[in-house]
Amino acid sequence: MARESVKARERKRQALVAKFAEKRAALKAEGNYAELDQLPRNASPVRLHNRCQLSGRPKGYMRHFGMCRNMFRDLALAGKIPGVRKASW
């Protein structure tokens with residue numbers, strides 16, 4: 001489990017990216033890079049990092065499900081993810 005401060009920092013970045021998305025797109029279309037530099041650094045989507053929604057783990061992230069492999073395995077074995085079951089042949 002990630003620390004709460006790390007998860008909170010990532011949520012804050014996501015909020016800033018959403019808030020400045022239109023403004024950033026307009027400034028980039030104009031080519032006004034001086035004004036673009038004045039925006040907060042965390043408003044850039046490049047600074048976001050995929051993290052598990054449940055545990056906050058940064059590695060082993062599965063985009064399709066929005067969680068790390070560990071949480072995915074636990075929920076899949078418990079039968080809480082529809083359409084997913086353990087393979088056997």
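With which residue does Glu 4 form a salt bridge? The views below take this up, along with the contact between the domains.

**View 1. Glu 4 pairs with Lys 7 in a salt bridge.** The closest N and O atoms of the two are 3.1 Å apart, where a salt bridge is a side-chain nitrogen of Lys or Arg within 4 Å of a carboxyl oxygen of Asp or Glu. Both residues belong to helix α1 (residues 4–30), 3 residues apart; helices are DSSP runs (H or I, at least four residues) numbered from the N terminus. Glu 4 is exposed at 51% relative accessible area, while Lys 7 is buried at 12% (buried is under 20%, exposed over 50%, 1.4 Å probe, protein chains only). This is a predicted model, with local features needing pLDDT of at least 70 and side-chain atom pairs pLDDT 80 or more, whereas totals for chains, interfaces and linings use all residues. Residues are numbered from 1 along each chain as its sequence is written, and side-chain values use heavy atoms, without hydrogens and water.

**View 2. Glu 10 forms a salt bridge with Arg 13.** Here the closest N and O atoms lie 3.7 Å apart. Glu 10 and Arg 13 are both buried, and about one helical turn separates them in helix α1.

View 3. Met 1, Lys 7 and Glu 10 supply 56% of the area that domain 1 buries against domain 2. Across this interface, the rule finds 0 salt bridges.

How values were computed
Buried area is the accessible area (1.4 Å probe) that two parts lose on being put together, summed over both. Helices (H or I, at least four residues) and strands (E, at least two) are DSSP runs, numbered from the N terminus.
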